[in-house]
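Hi there,

Here is the structure I promised to pass on to you. Please have a look at it first, and then read my notes below.

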Amino acid sequence: MENIPVSEIINELGEDREKYFNAVAPPIFQTSNFAFESVSDFRKALKDEASAFLYSRGNNPSLAILQKKLAALSHAEACLVLNSGAGAIFVSVLANVKSGDHIISVENPYSWAKKMFDNVLPRFGITTTYVDGRDVTEFKKSIRPNTTLIYLESPNSWTFYLQDLKAVADLAKQHHIVTICDNSYCTPLYQKPIDLGIDITLQSATKYINGHSDVVAGVLCGTKAMMGKIFISEYMNLGIGTTPFNAWLMVRGLRTLQVRMERVSQNAAKVVEFLKTRNEVESVSFPMDKDFPQKELVQKQMTGGGGLLSFVLKTKDFNQIESFCNGLNHILMAVSWGGHESLIIPAISSISPDEFHPENPEHRRLRLYIGLEDPDYLTEDLKTGLSKMSY
Ligand SMILES: *Cc1c(COP(=O)(O)O)cnc(C)c1O
């Protein structure tokens, strides 16, 4: 793929400004359908709905601008933008399996990927084997004659475990197995799975791509042939493409992707340093940290980290974790991440007090997303929360 500077991708690529009065921001093409001057033009569009503007369940100019930018950022030939990240996972997997196939997935993938593997696909005779994924030989050992797909998420958005993307891609190629990697954590700015040989890279665009906590969307990137195959079948059948307005919002979000990523990365590093100084904190997990166990692999395949981290509180008391969270004044308790605002999810939000085992550090883990606020504002808020634990 041609190497286009990131600034050019973000500010220019895909935009035909002279077609819309040289407006700097593109218009929102809020239309369901497009009209033709001649039968031959009409026929041409019907033949190739992926590249023509015919009907907005398929292609739309607002979407096309965004798709060109996202494909170029990922070093991919083509891109599809869907109305959720979960939808992107679903259609990319569905397009590459048939009844009787076997999938190898990394353990604890994004929750809705796991629900698809565990609940939906078995109804069609498709089985999934989960592997820890930190050691490539685990993938090798799990390959069966009917394995057609390997599903990766690196780093994982909860455990932050990495898989060696190039090694897994090389192994998969030898066995004609399709590889998919969830790249939501890094975005194409900080990791390019396609360059490492992965077939399909996907992201929840709800997170950093849009970046303003006001759109739910997903991205798929890969070869023209792969994206074309998904488009003409699962994408069009489900009617799962994003809307012109959401595409327009994501183009606007992308304008600041680089600066947002830089800021959340700097903020996260400062918060990690702060957490490590505190007695109430048992451990901190963050891929860009100098003590991170898979540090070498991080350096090999990632160029940055972003704002997502987790930490374990040192306590035997369920209520102390609750007091910490309830005591925060600015960091919001909510799912999702990648927006302007810092967010926290305690593991105890999905377990009841009688299920709590204080000796299990996973029960005392909290996932923290560091946003764009002033770092001191955030550390002050964490201090306030910690003070509410009252030892
Ligand atoms: C949020 C998320 C998804 C799902 O994306 P939605 O846009 O919420 O559907 C997939 N993978 C990861 C790692 C995520 O964090």
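Strand β2 (residues 102–106) is largely enclosed by the rest of the structure, because five of its five residues are buried. Here, buried means under 20% relative accessible area, exposed means over 50%, and partly exposed lies in between (1.4 Å probe, protein chains only). Helices (H or I, at least four residues) and strands (E, at least two) are DSSP runs, numbered from the N terminus.

Before I go on, a word on the source: this is a predicted model, in which local features need pLDDT of at least 70 and side-chain atom pairs count only at pLDDT 80 or more, while totals for chains, interfaces and linings use all residues. Residues are numbered from 1 along each chain as its sequence is written, and side-chain values use heavy atoms, with hydrogens and water left out.

In a regular strand the side chains alternate between the two faces of the sheet. Both faces of β2 are covered: His102, Ile104 and Val106 are buried on one side, and Ile103 and Ser105 are buried on the other.

Which strands does β2 pair with? Five bridges join β2 to strand β3 (residues 127–131), and these two run parallel; β2 also pairs with strand β4 (residues 147–153) in the parallel sense, over four bridges. Two strands pair if DSSP finds at least two bridges between them. Valine 106 has valine 131 as its bridge partner in β3. From β2 the chain crosses through helix α5 (residues 111–120) to β3, and this β-α-β crossover is right-handed: with the strands pointing away from the viewer, the path from the first strand over the helix to the second runs clockwise. On the β4 side, histidine 102 has threonine 147 as its bridge partner.

Serine 154 sits in the loop between β4 and α7 (165–174), and it counts as buried because its relative accessibility is 0%.

**Strand β1**

Five of the five residues of strand β1 (residues 78–82) are buried, so β1 is largely enclosed by the rest of the structure too. Ala78, Leu80 and Leu82 are buried on one side, with Cys79 and Val81 buried on the other. β1 pairs with strand β7 (residues 218–222) in the antiparallel sense over five bridges, and leucine 80 has leucine 220 as its bridge partner there.

**The five-stranded sheet**

There is also an open sheet of five strands, in the order β8-β9-β12-β11-β10, with mixed pairing. Its edge strands are β8 (281–285) and β10 (332–333), each of which pairs on one side only.

**The ligand**

The ligand is surrounded by 15 residues, the closest being Ala86, Asp182, Ser204, Thr206 and Lys207; a residue is near a molecule if one of its heavy atoms lies within 4 Å of it. Helix α4 (residues 85–94) gives the most to this shell, with three residues.

For polar contacts, the criterion is a pair of N or O atoms within 3.5 Å. An N or O atom in the side chain of threonine 206 is 2.6 Å from an oxygen atom of the ligand, and a polar side-chain atom of serine 204 lies 2.9 Å from a ligand oxygen atom. The protein covers 91% of the 380 Å² of accessible area that the ligand has on its own (Shrake-Rupley method, 1.4 Å probe).

Enjoy exploring it!

Best wishes

How values were computed
A polar contact is a pair of N or O atoms within 3.5 Å; within protein, one must be able to donate a hydrogen and the other to accept it, and residues adjacent in sequence count only if both atoms are side-chain atoms.
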